[in-house]
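Please consider the following briefing on a single protein chain. The notes below are grouped by topic.

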Amino acid sequence: MKDLLEKLSSYNIFNYLLPGVVFVAISKSLTEYNFVQEDIVIGVFLYYFIGLVISRIGSIVIEPILKWIRFVRFSEYRDYVEASSKDKLIEILSEANNMYRTFLSLFLSLSFLKVFEILSERYQCLNFISSEIGILGLLILFAFSYRKQTAYISKRVDRVKNKE
């Protein structure tokens, strides 16, 4: 377990594991849901996965909304790549930036969990289809995450290719 934790980058810890642990801890006190795991190995993987989902919600849902309402403005990706190759602090700042977006997503996710709990008490049918809703939501979330990541890779490949 120690070796596994040592291999995690600071990005993985602050954008996946920490938000997953915080989500599990707060959801236990805020709702009737309890995601705490007795087995530490299963717990680390589950908390990491929960944090990954929360991070993807931030990237796929929250970020575009904040761009659309002009709450945030991004530089062109090619400019970011060029600038970060010249100034290593930009990568550190970007990592912190992603952590803030993930925590925004974390608190939004906790709010949605609480709303879902209230609605499922009122509308019992939600309890029967909650697994299906969750799986469909994850399917859609990771399909869009895959598309976004593929676009980033393609942009970098094109950039390298055009430099040759």
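**Briefing: a helical chain in a predicted model**

The place of R56 is in helix α3, where helices are DSSP runs of H or I with at least four residues, numbered from the N terminus. This is a predicted model, in which local features need pLDDT of at least 70 and side-chain atom pairs count only at pLDDT 80 or more, while totals for chains, interfaces and linings use all residues. Residues are numbered from 1 along each chain as its sequence is written, and side-chain values use heavy atoms, with hydrogens and water left out.

**R56 and R101**

- R56 counts as buried because its relative accessibility is 13%; buried means under 20% relative accessible area, exposed over 50%, and partly exposed in between, with a 1.4 Å probe and protein chains only.
- Apart from neighbours within four places in sequence, R56 is in contact with Y16, V61, R101, L141, F142 and S145, contact meaning heavy atoms within 4.5 Å.
- Between the C-alpha atoms of R56 and S105, which are 49 residues apart along the chain, the separation is 8.7 Å.
- R101 belongs to helix α5 (residues 89-122) and, at 13% relative accessibility, also counts as buried.
- With neighbours within four places in sequence set aside, the contacts of R101 are S55, R56, G58, S59 and E63.
- R101 and I57 are 44 residues apart along the chain, and their C-alpha atoms are separated by 9.4 Å.

**Packing of α2 and α3**

- Two packed helices are described by the angle between their axes and the distance between the axes.
- The axes of helix α2 (residues 10-30) and helix α3 (residues 40-68) cross at roughly 105° and come within 7 Å; axes are lines fitted to C-alpha atoms, for helices over the stretch in contact, and angles run from 0 to 180 degrees between N-to-C directions.
- Helix α2 is therefore roughly perpendicular to α3, on a scale where angles under 35 degrees count as roughly parallel, over 145 as roughly antiparallel, 65 to 115 as roughly perpendicular and the rest as oblique.
- On the α2 side, the residues that meet α3 are N12, N15, Y16, L17, P19, G20, V21, F23 and V24.
- Their partners in α3 are V44, Y47, Y48, I50, G51, L52, I54, S55 and R56.

- R70 lies in the loop between α3 and α4 (77-86), and its phi is near 60°, a positive value in a residue other than glycine.
- With a relative accessibility of 75%, R70 counts as exposed.
- S84 is placed in helix α4 and counts as buried at 6% relative accessibility.
- Not counting residues up to four places away in sequence, S84 touches I90 and E91.

**The chain as a whole**

- The protein chain has 6 helices and 0 strands, and its elements run α-α-α-α-α-α from the N terminus on.
- Taken along the principal axes, the C-alpha atoms fill a box of roughly 60 × 40 × 25 Å.
- Of the 164 residues in the protein chain, 28% are buried.
- Among contacts with a separation of 6 or more, 76% are between residues 24 or more positions apart.
- The accessible surface is about 11700 Å², and 65% of that surface belongs to carbon and sulfur atoms; the areas come from the Shrake-Rupley method with a 1.4 Å probe, and for residues only the protein chains shown count as cover.

Technical notes: Helix = DSSP H or I, 4+ residues; strand = E, 2+ residues; numbered from the N terminus.
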